[in-house]
Amino acid sequence: MNTATAEVTREFGPFAGADAVHGVSFDGRHVWAATGAALLAIDPDTGKTMRSLPVPCDAGTAFDGTHLYQIAEARIDRIDPQTGQVLGSIPAPGGGNDSGMAWADGSLWVGQYRDRRIHQIDPDDGRVIRTIESDRFVTGVTWVDGELWHGTDDGERSDIRRVDPASGEVLERLEMPEGQHVSGLEADGAGLFYAGGGRSGKLRVVRRPRA
């Protein structure tokens, strides 16, 4: 297993009216940050908030190329990113104990914080397709270039780790600097991670290692 210190290249926030960053996603243009009462569309170059959708958003966020998916307590809402309209909902697999979320290969991948696992679920009905176990509390989840990465937190230290999606084996770890925690996590597909900073209210940009 390769272990390295995470290279944090930029920090944005805290954002006006938001005291935390939970879920994080990326639509190719904006980084979306779930702040509890609103989803913020953030310019990744400047950190400026471009839009705000007033929807419940207390955990993971994902984007399927058309719609946003947002964990809101014990459900996952499918949202029109242009209007903020909730188009449908499915049960969240953790019943309110869910953390990060990602979209890949037609499925949602949902982290379970204290249960230390990631569920692959059907986005139409919430059915659990399979489960990956972790040895740490799971926060944000993202897929990029066929690799599954997730954030961890144990109350003291956080890391971002790449795991084998079949076995859950940890293949690579990026240790966050002391005091910097990871809530949401998303890759931009071009060499960067966007990591929510939880109660710090910050969004951090972390360089993704090249293979």
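**View 1. Gly94 in the loop between strand S10 and strand S11.** The place of Gly94 is in the loop between strand S10 (86-91) and S11, where strands are DSSP runs of E with at least two residues, numbered from the N terminus. The model is a predicted one, in which local features need pLDDT of at least 70 and side-chain atom pairs count only at pLDDT 80 or more, whereas totals for chains, interfaces and linings use all residues. Residues are numbered from 1 along each chain as its sequence is written, and side-chain values use heavy atoms, with hydrogens and water left out. Gly94 counts as buried because its relative accessibility is 18% (buried means under 20% relative accessible area, exposed over 50%, and partly exposed in between, with a 1.4 Å probe and protein chains only). From C-alpha to C-alpha, Gly94 and Gly189 are 28 Å apart in space, and they are 95 residues apart in sequence.

View 2. About 450 Å³ of space lies in the largest pocket, the volume being the space filled by probe spheres set on grid points that are joined across faces, edges and corners. A pocket is here an open set of points on a 1 Å grid over the protein atoms alone, where a 1.4 Å probe fits, with protein on both sides within 12 Å along at least five of seven lines; lining residues have an atom within 4 Å of a point. The lining comprises 23 residues, of which His22, Asp58, Ala59, Ser99 and Ser183 lie nearest the centre of the pocket. Two or more lining residues come from each of strand S11 (98-104) and strand S15 (138-144), and S11 gives the most, with three residues.

View 3. Asp188 is found in the loop between strand S19 (185-187) and strand S20 (192-196). Although buried, Asp188 has no salt bridge, and the nearest side chain of opposite charge, Arg208, is 5.8 Å away (a salt bridge is a side-chain nitrogen of Lys or Arg within 4 Å of a carboxyl oxygen of Asp or Glu). The side chain of Asp188 reaches the backbone nitrogen of Leu192 at 3.0 Å, and a polar atom of this side chain lies 3.3 Å from the backbone nitrogen of Gly191.

**View 4. Asp153 and His181.** Asp153, in strand S16 (residues 147-153), is likewise buried without a salt bridge, the nearest side chain of opposite charge being that of Arg136 at 6.4 Å. The side chains of Asp153 and His181 are joined by a polar contact of 2.9 Å, a term that covers a pair of N or O atoms within 3.5 Å, of which, within protein, one must be able to donate a hydrogen and the other to accept it, while residues adjacent in sequence count only if both atoms are side-chain atoms.

**View 5. The salt bridge between Arg207 and Glu7.** In the salt bridge of Arg207 with Glu7, the closest N and O atoms are 3.3 Å apart. Arg207 lies in strand S21 (residues 203-207) and Glu7 in the loop between strand S1 (2-5) and strand S2 (8-12), so the pair ties together parts that are 200 residues apart in sequence. Arg207 is partly exposed, with a relative accessible area of 42%, and Glu7 counts as partly exposed at 42% relative accessibility.

View 6. A salt bridge of 3.4 Å, N to O, is formed by the side chains of Asp159 and Arg136. Asp159 is in strand S17 (residues 158-163) and Arg136 in the loop between S14 and S15, so the pair ties together parts that are 23 residues apart in sequence. Asp159 counts as buried at 1% relative accessibility, and Arg136 counts as buried at 16%. Salt bridges that share partners join Asp135, Arg136, Asp154, Asp159, Arg161, Arg173 and Glu175 into one network.

Conventions:
Helices (H or I, at least four residues) and strands (E, at least two) are DSSP runs, numbered from the N terminus. Lys and Arg count as positive and Asp and Glu as negative; His and the chain ends are not counted.
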